[in-house]
Amino acid sequence: MSAATTRSRTPDRQCAEAVDLARDAAEEAAAPGVVGEHAGVVSEGDRVVTHYFECKELGYRGWRWAVTVARASRAKNVTLDEVVLLPGADALLAPEWVPWSERLRPGDMGPGDLLPTDAEDLRLEPGYSGEDEPLPSAPVSEEMAELAEAEDADLTAGTPSHLPVVPSRGSIAAVAEELGMRRARVLSRYGLHVAADRWEDSFGAKTPMAQAAPAPCVSCGFLVPLGGSLGQAFGLCANEFAPADGRVVSLAYGCGGHSEAAVMPKPAQPAEPVVDETRVDPFPLRPARDSGSVPETADEASAELGHS
């Protein structure tokens, strides 16, 4: 260990004894009654010492006033270097700052809020706006322009060179605008994949609703197909009673609102009544004379013996 290192770890005596100078500097920078007891001394280097004082200000629990003093070589006077308020080991700190672009979550935007997109947003790529030449494979290439001019030739009064105003229908920009392609930027392949993953997580085949569904959305009559490459895997739900109404759903998603899930059964027919309450059965109030076990007789002798 070198002598310079040893001297830097040992506080300078005169600087360490300048507690009153450090306290006066801390009280001058802070509000009255905020600077507390002396909390220690730390050597910052040769003849450079930092005095720590407790902070009694509300809301700054665990913070300390740090006053750094120094002394020049062969000098007897200690001078003030800086006064700062620093957090201690158990200080109450604010959470780490996160950029707004990372804090934003789906559903956070409200009416009137603006969400600017980065110029280098990976979800977007340059589209055709009419300012640059299109790619040879683009629908607005030179071949498409020539075809548009040929189809529009019989509708004009003459060739474009003889017209007072150059027609815009046969131009590349006009064709692009009709096809809905005249945008500064469009979704990149990365942007398509990110959107597809997000929709698949929300309304995909692995969700509990889809696992219990009687059939997938690909066979549902409420599914509105999407155009482009996304239409191969996603569609729009148009069932007002479905949990995904108005949402983009995977073709493998499903719910109980499937159009062909079940057919409404016919109302059950009532069974035949066991007791016919519409018919009246006559019942005699007295038994008939011939309903007994012994036949009725006209013999007077038997009548006297008590036989009926």
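The chat below covers cysteines, a cavity and a sheet.

Modeller: This is a predicted model, where local features need pLDDT of at least 70, side-chain atom pairs count only at pLDDT 80 or more, and totals for chains, interfaces and linings use all residues. Residues are numbered from 1 along each chain as its sequence is written, and side-chain values use heavy atoms, with hydrogens and water left out.

Biologist: How many disulfides does a search of the whole structure find?

Modeller: The search finds 0 disulfides, a disulfide being a pair of cysteine sulfur atoms within 2.5 Å.

Biologist: Is Cys220 buried or exposed?

Modeller: Cys220 is buried, as its relative accessible area is 14%; buried means under 20%, exposed over 50%, partly exposed in between, with a 1.4 Å probe and protein chains only.

Biologist: Which residues lie nearest the centre of the largest cavity?

Modeller: Cys217, Cys220, Cys237, Ala242 and Cys255, out of 15 lining residues. A cavity is a set of points on a 1 Å grid over the protein atoms alone where a 1.4 Å probe fits but cannot get out, and lining residues have an atom within 4 Å of a point.

Biologist: New topic: what is the strand order in the open sheet?

Modeller: The order is 7-8-9, with antiparallel pairing. Strands are DSSP runs of E, at least two residues, numbered from the N terminus, and two strands pair if DSSP finds at least two bridges between them.

Biologist: Where is the bridge partner of Leu236?

Modeller: In strand 9, at Val248.

Note on methods:
1 Å grid on protein atoms, 1.4 Å probe; cavity = no way out; pocket = protein on both sides within 12 Å on 5 of 7 lines; lining within 4 Å. Helix = DSSP H or I, 4+ residues; strand = E, 2+ residues; numbered from the N terminus.
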